[in-house]
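Take a first look at the fold below.

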Amino acid sequence: MRAPSPHNGGVTAAPALPPEDHAPGSAPPHGARVRRIAHLDMDAFYASVELLRYPQLKGLPVVIGGGGRESHEALLAEYGGDRAAVPVAAFPRLGDYVGRGVITTATYPARQFGVGSAMGMMKAARLCPQALLLPVDFAEYRRFSRRFKDIILSIAPVMEDRGVDEVYIDFTDVPGGQRQGGRALARLIQKSIHDDTGLTCSVGVAPNKLIAKMASEFNKPNGISIVHEGDLQSVIWPLACRKINGVGPKAEAKLLAHGIETIGQLAQRPRDWLVQHFGRSTGAWLHETSWGRDDRPVVTESEPVSMSRETTFDRDLHAVRDRAELGRIFTDLCVRVAEDLRRKGYMGKTIGIKLRFDDFKIATRDQTIDGYTQDAAAIRRAAGQCLKRVPLDRRLRLLGVRVGNLLPEDAARAAEAAAAPGEAAVGGIGTNAVLF
Ligand code: DCP
Ligand code: MG
C-alpha cells in the first residue's frame, strides 16, 4: 500500500466560461471553473502497436510475449521483411509454445478467453491455444509512446508521464477542458492520437488523479468517462478497494479480513480506526482516498537519474543464517528494478546497494559496469559484488538496489554501439560467485 505524497495542487477561482453541458445533479454549477484532471491509458498498447504493422491480425486473439525474437525474424525474412504479407496461418500459435515467460498483453479478442497481462505463457496457452504469438519489440512501443505523448503535449501542456502507455493531464486551464466536464477535450485528444497513429485510448476525467485513474478503466477500450465530485457515492463507493491505485493484493486481503470490501465500506470506518489498524500514514491516506480526496498536482517531470527498489524486512535477517531468504529478496529487488527500467525505457551503468543494519546504520556501495544494462541478471551480478564489500556481521533491516547513470534506452544502445561496434550492448562484469 502506498502513502500519499505531499500535495499543493490547489485551484484558484477563474473567470466564468460559457455554460457547460453537465449531467444533472452531479455537475458543478454553471460557469464555475473547477479542477479537472484526466488519466489517459492506451488500449492493449503493445498489441495495438503490433497490429498497426500486422493488419492481417486485426480482430484475432493475439498475445505479446515469450522469447521468439529469432524465429520471428526468420519468418519475416521468408516474406522479404514485408510484415503485412505474412499469412495468418504462418504465425506461431500459443498452443504450440513451449517454454517459460509471461504475457505482456493480449488483444481484446484474446482477453475474452481470460488471457491477460502477467499471465504465464503455459497457462495462457491452455486458455486460448489458438491465439497468435508475437515477440515484444520495446523499441517500437517506445517510439509510439513518444508519439502519442507529443500529440497530447501539443494540445494540453501540463502532462505527467506515468510510463509507456499512460499519462495524467491537467485539463483545468486548457480550452475545452471544462466543457462537458472535460469530455470535449478528451474527445479531441482521442481523435488526434487516432488520426496520427491509428491507436485508441481510454480517458477518465475527474476532480483529481485518484478518481481519474479509476475512471479511465470504466469504458475501455476507446472510452471516455466523466466523473464529478457529486458522483462519489454512486460511482466510486460501490467499487472494490482494489480499484484504488496503491491498494495491492496484500492490502486488499487485510481490508477484507476486516470485512471491508468496497470503497464505500472503507469510507464508513472512522479515520482513527484506520490509523490504528493501518498506521498513521496509510490509515490517513485510506481515509482521504475513500472520500475521493486527492490534491496531488500533475507533475511535468524531467528525466530520472536513477531508479531503485528497496524493502524493509518483516524481521531482521542475518547474512548467514537467513542466507536463502535474503538471496531471494535480493534477486527479487533486482528483477523489479530491471522491470522498472524496461517499462520506462532506460538503461543504467552504475549499480548500487543500500543496507540498513539493526542499529539503523546505513551502508551503501556502488559499482560502474562496462556497458549500459536493464537486465536483472547483470544487475544482480554487479549488486552481488557490491555486497561483498560490506562487512555483514550485524543483522539487516533493509536492503535496496539502485541503478544510476541512466540513459534513455535508444541513446544507451547507440552509446554502446559507438563504443564497441559489433559487440553486445549489455556490459559484462563476469560471473563471479556472489554472496547470498
Ligand atoms: N505490460 C507488461 N506487463 C504487465 C502489464 C503491462 O509488460 N504486467 C505492458 C504491456 C501493455 C503495457 O504495458 O501493453 C500497458 O499496460 P496496461 O496495463 O495499460 O495494459 P494494456 O494497455 O495492454 O491494456 P488496457 O487496454 O487494459 O490498458
Ligand atoms: Mg493500457
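The paragraphs below go from the overall chain to its parts.

This is a predicted model, in which local features need pLDDT of at least 70, side-chain atom pairs count only at pLDDT 80 or more, and totals for chains, interfaces and linings use all residues. Residues are numbered from 1 along each chain as its sequence is written, while chains are lettered from A and ligands numbered from 1 in the order in which they are written.

Start with the chain. It has 15 helices and 13 strands. Helices (H or I, at least four residues) and strands (E, at least two) are DSSP runs, numbered from the N terminus. Of the 436 residues, 34% count as buried. Buried means that 20 or more other C-beta atoms lie within 10 Å of the residue's own; exposed means 12 or fewer, and partly exposed lies in between, with C-beta atoms placed from the backbone.

Now find helix α5, residues 138-155. Its 18 residues should span 26 Å at 1.5 Å a residue, and its end C-alpha atoms are 26 Å apart, which agrees. The expected span is 1.5 Å times one less than the number of residues. Which residues of α5 are buried? They are Tyr141, Phe144, Ser145 and Phe148. They cover an arc of only 110° around the axis, which puts them on the same side of α5. The arc is that of the directions from the helix axis to the C-beta atoms. An α-helix has 3.6 residues a turn, so residues three or four places apart point the same way. The face turned away from the buried side carries the exposed residues Ala139, Asp150 and Ser154.

Next comes the sheet. It is open, with five strands in the order β5-β6-β1-β7-β8 and mixed pairing. β5 (159-161) and β8 (224-226) stand at the edges with a single partner strand each, so one side of each has no neighbour in the sheet. Strands pair if DSSP finds at least two bridges between them.

Aspartate 161 has valine 167 in β6 as its bridge partner. Aspartate 41 stands opposite glutamate 166. β5 and β6 form a hairpin with four residues between them, and glycine 163 in the turn has a positive phi of about 130°. Four of the five residues of β6 are buried.
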